[in-house]
Amino acid sequence: MALSTRGRLFSQNPEWLETLMDCIEMASKPCDDEEQRVLNVAVAANVLCHDEMEEFVRSFREKCPILRSSFSYYQFEGICRLRSALSHIYNQRILHMGSKTNPSDFIVGNGCGPLLENVVSCLADEYDYILIPSPYYHAFPMDVSRRMQCKIKSVPLSWNEEAASVTLSIKELDKCYDEIIKAGNKVKIMIYTNPHNPTGALFPNETTEKIISWCIEHKIHLISDEIYTFSTFPGAKFTSVFDIVMQYHGDAQQQSLLDTYIHVMWGASKDLGLNGFRIGTLLTRNNELKSCLQGLAYTFATPADIQETVASVLEDSRFLDRFFELNRERLHNAFTKVSSRLRDHGVRHIVQADGAMFVYFRMPGAEMTLANERELWQEKTKKNRVMLLPGFVFGDDRRGWFRICISAYPLEQTLKAVDRIFISVK
């Protein structure tokens with residue numbers, strides 16, 4: 001056997017990965033007949049404001065084609081300019097409780113996935129448990145389990161199908177935690193995604209406050225995945241975990257615990273539509289964690305020139321005001337139109353989203369088994385030439401639920417993908 005034990009573990013890909021990679025390859029190949037091109041509404045991408053972003057980046061590149069400073073080594077955990085821009089964005093647009101961030105509070109990595117993997121490696125050991133409300137982002141198992149060998153414990157969300165909403169209960173958290181402890185294992189981390197993927201739900205501040213208190217009480221690290229911070233729909237109000245903890249400012253003992261156990265992640269992929277730039281960020285005041293990540297940053301650094309470009313975007317308040325407003329409007333319009341088109345095809349159950357870039361719905365028809373759901377997913381990809389993601393890859397125990405990304409293409413093409421889902425193909 002040529003591979004090491006670790007290598008054999010790494011080669012065990014989740015079953016959705018091969019299908020997704022095949023779909024990406026098929027979608028990118030030249031195709032004479034557009035009707036035969038695979039439409040990929042599985043991947044979480046946002047192209048709805050690419051025209052505006054492209055115009056900005058082109059203008060920046062014309063003024064600064066290349067910065068000589070980018071030729072040399074730099075701070076792998078993030079260049080000063082970008083970390084300063086991040087601090088300014090948080091202080092001006094996200095935090096409202098009075099306290100401010102500093103550039104030294106931020107770590108930058110080549111995407112939230114690789115950065116999360118390194119954070120987990122610093123905070124948890126092999127076979128420690130990580131609590132994640134389910135359904136959850138389907139790549140979390142790759143980020144926390146594949147190399148780090150941590151275990152995920154799903155915390156099922158409560159569903160109100162009549163109200164088309166989801167909630168997270170502390171009682172369910174307690175139940176999952178007790179099961180792990182009684183089995184003689186440890187819980188080190190909870191990952192909390194808000195706005196939520198795959199449903200697009202926005203958890204209320206009351207829920208977030210309870211989760212923060214629960215994690216502090218149990219001395220569990222809370223990693224708040226806030227990658228959709230600026231992708232809420234018009235009228236929806238998002239509050240960062242970091243903003244909520246600022247209300248404890250002044251209580252030295254409590255603040256010390258919050259600094260130790262509360263961490264926030266954001267990135268440029270979704271809110272700015274820059275998946276390919278590979279910018280993920282961590283906001284933390286845990287100095288031990290920052291020291292660890294600074295030592296590891298050589299392995300997850302983002303090229304300095306890319307960081308300079310993203311910093312220029314974040315520094316331009318006038319551009320961001322317009323960009324974020326357009327992004328919110330276009331996402332909401334896409335959600336409304338895609339949901340309406342799904343209802344035209346007989347879909348009755350759609351989670352009412354407050355943000356992000358998804359429609360999470362139950363496929364109409366007879367009740368499904370896991371085998372039925374898997375078979376239908378493969379059929380839609382191979383025969384209907386459209387790829388969406390089934391609920392089982394998100395850890396959803398309910399059958400027949402699927403996720404569509406509403407911003408992976410311009411709206412008309414996304415609606416075309418929805419129509420393809422329901423075409424009967426022999």
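Trainee: Leaving aside its neighbours within four places in sequence, which residues is K290 in contact with?

Mentor: This is a predicted model. In it, once neighbours within four places in sequence are set aside, K290 is in contact with S104, D105, I107, T284 and R285. K290 itself lies in helix 11, which spans residues 287–296.

Trainee: Why does K290 count as buried?

Mentor: A residue is called buried when its relative accessible area is under 20%. K290 has a relative accessibility of 8%, and therefore counts as buried.

Trainee: How many residues of strand 8 are buried?

Mentor: Strand 8, residues 221–225, is mostly covered, with 5 of its 5 residues buried. H221, I223 and D225 point one way from the strand, while L222 and S224 point the other way; all are buried.

Trainee: Which way do strand 7 and strand 8 run, parallel or antiparallel?

Mentor: Pairing is read from the bridges that join two strands. Strand 7 (residues 187–193) and strand 8 run parallel and are joined by 5 bridges. Within this pairing, T193 stands opposite D225 of strand 8.

Trainee: Which strand pairs with strand 8 over 4 bridges?

Mentor: That partner is strand 9, residues 262–267, and the pairing is again in the parallel sense. Here I223 stands opposite H263 in strand 9.

Trainee: What unit do strand 7, helix 8 and strand 8 make, right-handed or left-handed?

Mentor: The handedness is judged by following the path from one strand over the helix to the next, with the strands pointing away from the viewer; a clockwise path is right-handed. Strand 7, helix 8 (residues 205–218) and strand 8 make a right-handed β-α-β unit.

Technical notes. Residues are numbered from 1 along each chain as its sequence is written. This is a predicted model: local features need pLDDT of at least 70, side-chain atom pairs count only at pLDDT 80 or more; totals for chains, interfaces and linings use all residues. Side-chain values use heavy atoms; hydrogens and water are left out. Buried means under 20% relative accessible area, exposed over 50%, partly exposed in between (1.4 Å probe, protein chains only). Helices (H or I, at least four residues) and strands (E, at least two) are DSSP runs, numbered from the N terminus. Contact means heavy atoms within 4.5 Å.
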